[in-house]
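Let's talk through the packing and the charged pairs in this one. Have a look at the model first.

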Amino acid sequence: MKIYTKRGDEGKTDLSNMSRVSKASHRIEAYGSVDEVNALVGVVRPTGHEDIDEKLRSIQNHLHIVQADFANPDPDADDPMVRAEHVALLEQWMDELDAELEPLRNFILPSGSEPGAKLHHARAVCRRAERRAVALINEEEANPEAVKYLNRLSDALFVLARVVNKREGVPEESPTY
């Protein structure tokens with residue numbers, strides 16, 4: 001199988017139901033932004049912390065489900081879908097990891113150790129993916145659980161960045177105004 005098909009040369013691409021849409025459509029923007037988040041999470045691994053790496057591996061698999069979900073314009077199709085359980089798992093992880101952290105009292109600069117800073121970067125791109133997903137849902141039918149997942153994921157990436165930085169001995173810095 002060749003990797004190039006030439007089918008996208010005129011600015012269109014196929015959805016999972018084989019319908020053709022513009023590569024600039026809200027649907028493509030949404031799952032393309034999720035692909036960016038997934039790639040950034042992949043850049044972070046391995047962090048050097050096995051439990052964090054396991055969570056990140058799961059997150060990458062979840063992000064493939066989000067992409068499949070957004071690539072599917074038919075809500076009744078039997079394709080992978082983000083479910084409430086995916087969101088609940090992120091919440092569970094955050095609750096567990098919060099026990100390692102001091103309560104957050106101020107904004108913090110997105111920086112720190114190499115894996116911590118990369119997680120902050122992934123969080124910022126995840127927020128953009130969420131905005132693209134909201135634009136999609138405002139224009140077309142799409143799974144609202146996928147938007148919730150992205151919202152929760154950005155929070156989880158923030159917590160993961162804080163935990164990694166703490167484990168690496170890198171103090172958090174607050175912005176100066």
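Q: Which residues touch the most other members of the largest nonpolar core?
A: This is a predicted model, where local features need pLDDT of at least 70, side-chain atom pairs count only at pLDDT 80 or more, and totals for chains, interfaces and linings use all residues. Numbering runs from 1 along each chain as its sequence is written, and side-chain values use heavy atoms, with hydrogens and water left out. A nonpolar core here means buried (under 20% relative accessible area, 1.4 Å probe, protein chains only) Ala, Val, Leu, Ile, Met, Phe, Trp, Tyr and Cys residues joined through side-chain atoms within 4.5 Å. Among the 43 residues in the largest one, the top spots go to L56, I59, F70, Y149, L150, L153 and L157.

Q: Which element gives the most to this core?
A: Helices are DSSP runs (H or I, at least four residues), numbered from the N terminus. Two or more core residues come from each of α1 (26-44), α2 (50-70), α3 (84-98), α4 (114-139) and α5 (144-167). With 12 residues, the biggest giver is α5.

Q: How far apart in sequence are the parts that D51 and R167 tie together?
A: Their side chains form a salt bridge, N to O 2.7 Å; the rule is a Lys or Arg side-chain nitrogen within 4 Å of an Asp or Glu carboxyl oxygen. D51 sits in helix α2 and R167 in helix α5, so the parts tied together are separated by 116 residues.

Notes
Buried < 20%, exposed > 50% of the residue type's maximum accessible area, 1.4 Å probe, protein only.
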